Each structure stands twice: as C-alpha cells, then as structure tokens.
Amino acid sequence: MTDYTLFIVDDEKTIREGITACFEEDYRLFSYMTAEDALQNLEAHDPDLVLLDIGLPGMNGIQALQELKAVNPDLPVIMITAYEDIHSVIQCMKQGAYDYIVKPLQMEGLEVAIANALETIRLKKEIKSLQEKLIRKNMPFFIGESQVFRDILDYVEKVAKSPDTPVLIIGETGTGKELIANTIHHRSPNFSGPFITVNCAAIPPNLIESELFGYEKGAFSGANAGGKKGLIEMADKGTLFLDEVGDLNLDAQAKLLRFMEDGEFYKVGGTEKKRVATRIVSATNKNLEEMIGKDTYRRDLFYRIGVIKIQEPSLKERDDDILIFTRYFLQMFNEKFDRSLTGISQTALELLKTHTWEGNVRELKNMMERAVLTAAGPELTSEDLGLGDFSAGEDAGDIPHFDLAPLSPKGVDLNAMRTYMDEFYFSQAMALAKGNETRAARLLNLKHHAFRYQYKKIMGRRTPENQETASEGNRNGI
Ligand SMILES: Nc1ncnc2c1ncn2[C@@H]1O[C@H](COP(=O)(O)OP(=O)(O)OP(=O)(O)O)[C@@H](O)[C@H]1O
C-alpha cells in the first residue's frame, strides 16, 4: 500500500463499494455518503486526494469543492459526474478541480486519473522541499543578540510576506542594509525570482534612466546596436534593490515614481508600454527628510518607496553585539585562513567596546579579517587590531606623556585634531623614510600592516586639493 489517503464522496453505495474494492490494497480509503460528512472528517484524516460526486444530496459537489479549496487550495479533487451533467463539470474545472470521470465508472480510467493526480502531488511536494532547501542555502546569515536587532528581524519576517510592498531601509554605512534587503527577498513569495541590486550612486546621472528602464536600438549615440533590457525588467517576479536611493537625481526620481505608481514603463526610445511585477526595496544612509526640505528629494517618492520603513541601528547603538560579532568573525577568519588564534586580549576587548565604529559592522569585519590574517598569536592584541595607543606595550598600563597645548575655553574639535595629527605624522614619517613604509612604520612605532592600513585610509579620505597640500608639506618638510 502507498502512503496516500483518498476520500470517496458519493451517495451511491455501489460506487463507494466498487471503488473501495478496486483500490483498498493500494491506498488508505475513507468513504462518505455526503459532502458534510467528508468535510467534518477532513482535519482528522488529511486526505491527499478527493473523489467527489457532483450530484450529492444536501451540499452538492460544486459547493463542496469550494469548501475543500477554501480549506486547502492545493488539494486535488476528481469530480464524478453523470454524462449529461457536463456543464457542471466545466464549472468545477474552472473552480480548480483536478480532473473528472463520467458514470458509469471505468475502473481503468479511474486508476489512471488517480495515478496522475497523485504523481502531481508528489512532484509538488518535491518542488516545495527543493525550494525550501534552496532558501536555506541562500538565506543570508545574521549575527546579533541585542534586543533592538531581534526586533528588526521580527519585523523583517512580517513585512517579507508581501510580494510587492515597497520597503525603505535607513541606516549608516556598513550596518547591514543590503543583508536585510536580501533577507526580505529570500523570505518573500518572490524568493525564486531574481534579486537585482542597483547602486544608484555608481551609475552616472545621464545613464540612470537607460540602466533602469533599458533602451530600444538606436535610442542614443553609443547605445548597443540591439538595444538593452533594463534592470527593472530583469527584476520581474523578483526584487529590485535600489541601494543609495538618496543619490538619484530629480529627473530619475520622477521616472521611478511614475513606474512605482502602476508598474508600467517605456524603454528609452520605445513606444511599447511594458509592465513588470517586482518588489522595490531601497536603502540609504542619507537623511531624505532633510533633502526634501532642501528640495533635492521628492516627498511623493519618499512616501512611495517607504511604505514600510526599517531603521538599522549603528553598531554603537547595539553595543551588546560588538563582542558577539568579534567572536564570530574570529572563528570565521580562523577557519578561512587556517589559523588557530585562541581569543582576544583583555585590553583589546576594552578598546573594541569604546571604539567609535564609524564604518559599523563592515569596519569590524574588515578589522578582524586583517588581524586574524597577520597576528603573531596566540591571541589577538590591540596592536593586531590597530586600536588604541600601544606604544607602551599591550598591557603595560603606563600612559606615555606628551606635551599638549592646554584646552582653551573655546574647546577643541577633537576628531578634526586627530585627523590632522594622523595626516601630519604619517606624511612626515613617509617623507623622512623617503617613501619606505617599513621605516615609516618604525618611526611611528607601528607594525608594518597597521601602518599600511591606516596610511591607506588617510590617503583614501584626502581630496585631490588636500593631497597637493600634503605633498607640498612634504617638500617643505612640514
Ligand atoms: N547582522 C549581521 N550579521 C552578519 N554580518 C553582517 C551583519 N550586518 C552586516 N554584516 C556584514 O557587514 C558587511 C556590510 O553589510 P552591508 O553591505 O549589508 O551594509 P550596508 O548597510 O548595505 O552598507 P552600505 O550602506 O555601505 O552599502 C557585510 O560583509 C555583511 O555581511
């Protein structure tokens, strides 16, 4: 006997007994004289297939089909009908019946119909289980125990259920906005469709329209001869993730709004109206409300993209998670680089807690990657992490003395001063060491890798004018 349960619902005793005699060795069978009886037993026996007579006394087969589909839309139902009742059959097929058989019953025909229906169920179950496996495999992995973060994940779980409600994720750089967008996609009904990411800040303003909507051949000079599909069309039946959505210019904002109103658009140079169904998830680290006040962002678009808003906390606002992240990344990079660092020194742990974390989780992840790769071990020190003042040694406890100007009553911009000091001493060290990084690192009592990392960061934040000033500084020996 196979593991399938079948209901036979027919008021004719000979039909019920005939079907039972034929199939009782193959399936678990329950037979009922009325639809009401069958519906009452639905929950108790959870059938895989129902054979349902149309001409039943009391609730007829058409009404019973509706009731069954309301309880379980995927339950296959084979209608049993008298030949002359073909109009009712059509009605049942429109309401989702799987198949029908005509009285007097031919048992071979019924056998084929049942086998087909059960094979469809088997395939559907297999597809569902494969889809679930795929979701689990592609599901972004989250770290975080803080209450604020758990609340966000609960909310994400709820909003993901819609296939098309727009979501706006707001938060500083590196807080995990893209990870959240990805999770919304994978937990939504669109999960088997594409997840297309667009970095709005990276596309030149004059190309944004053709990138988003695509273009027809010959739309403009320099265009592909065959035309191009836009990112919106590529995201059909999936999710379009508009990263840095605050960087869209006003022209592109107007076009995006028009598309979001009704899901329709034209390709650049095209005359055919196109339609796609995609969910728009956007993210920004800008203050869009402030931009609306300055007329650089459209209020109507802000409301349209932000039907659901998710505010991602900075790492500082969820500092319970800093040590959890640190341990996780330590283990992750230990495995990746085949290292066996045992932990993190007490001083380093204290410094991790007090660090400013302007680059949020990304900064912590990068810091751990670099430290695990280069540390001497056995545990990570603050020096390995490039944190704090370690000129006096990791746990020496002696604070070195520097002669500093006293604080004036006007106060001081400490961050600007630190930046200035870094730039000043790194430039000087490189000038004195004639560009030799190892010697420059020694002059600043830094390990070579820590020097390199910080020097690259300093060079990266300089504007071209600053760089000119700095190199002049070098020439003048400042
Ligand atoms: N909760 C988390 N669990 C695990 N990894 C995380 C988490 N949050 C962020 N990350 C990791 O931090 C890095 C930055 O995350 P992500 O790119 O999602 O940030 P973002 O807010 O979109 O940044 P940006 O605004 O700069 O684009 C990624 O490597 C991501 O995997």
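This is a predicted model: local features need pLDDT of at least 70, side-chain atom pairs count only at pLDDT 80 or more; totals for chains, interfaces and linings use all residues.

Student: What makes G61, A64, L65 and L68 in helix 4 count as buried?

Tutor: A residue is buried if 20 or more other C-beta atoms lie within 10 Å of its own. G61, A64, L65 and L68 of helix 4 (residues 61–71) are classed as buried, so each of them meets that cut-off.

Student: How do you know that the buried residues line one face of helix 4?

Tutor: Looking down the axis of helix 4, you find its buried residues within an arc of 105 degrees, so they share one face. In general, residues three or four places apart in an α-helix point the same way, because there are 3.6 residues a turn. The face turned away from the buried side of helix 4 carries Q63 and A70, which are exposed.

Student: What do the buried residues of helix 4 pack against?

Tutor: They pack against helix 2 (35–40), strand 3 (49–53), strand 4 (77–82) and helix 5 (86–94).

Student: Now the open sheet of five strands: what is the strand order?

Tutor: The order is 7-10-13-6-14, with parallel pairing.

Student: Why are strand 7 and strand 14 said to stand at the edges?

Tutor: Strand 7 (195–199) and strand 14 (308–311) each have a single partner strand, so one side of each lacks a neighbour in the sheet.

Student: What makes strand 6 and strand 14 a pair?

Tutor: Pairing takes at least two bridges. Strand 6 (residues 167–170) and strand 14 are joined by four bridges, so they qualify.

Methods. Residues are numbered from 1 along each chain as its sequence is written. A residue is buried if 20 or more other C-beta atoms lie within 10 Å of its own, exposed if 12 or fewer, and partly exposed in between; C-beta atoms are placed from the backbone. Helices (H or I, at least four residues) and strands (E, at least two) are DSSP runs, numbered from the N terminus. The arc is that of the directions from the helix axis to the C-beta atoms. Two residues are in contact if their C-beta atoms, placed from the backbone, lie within 7 Å.
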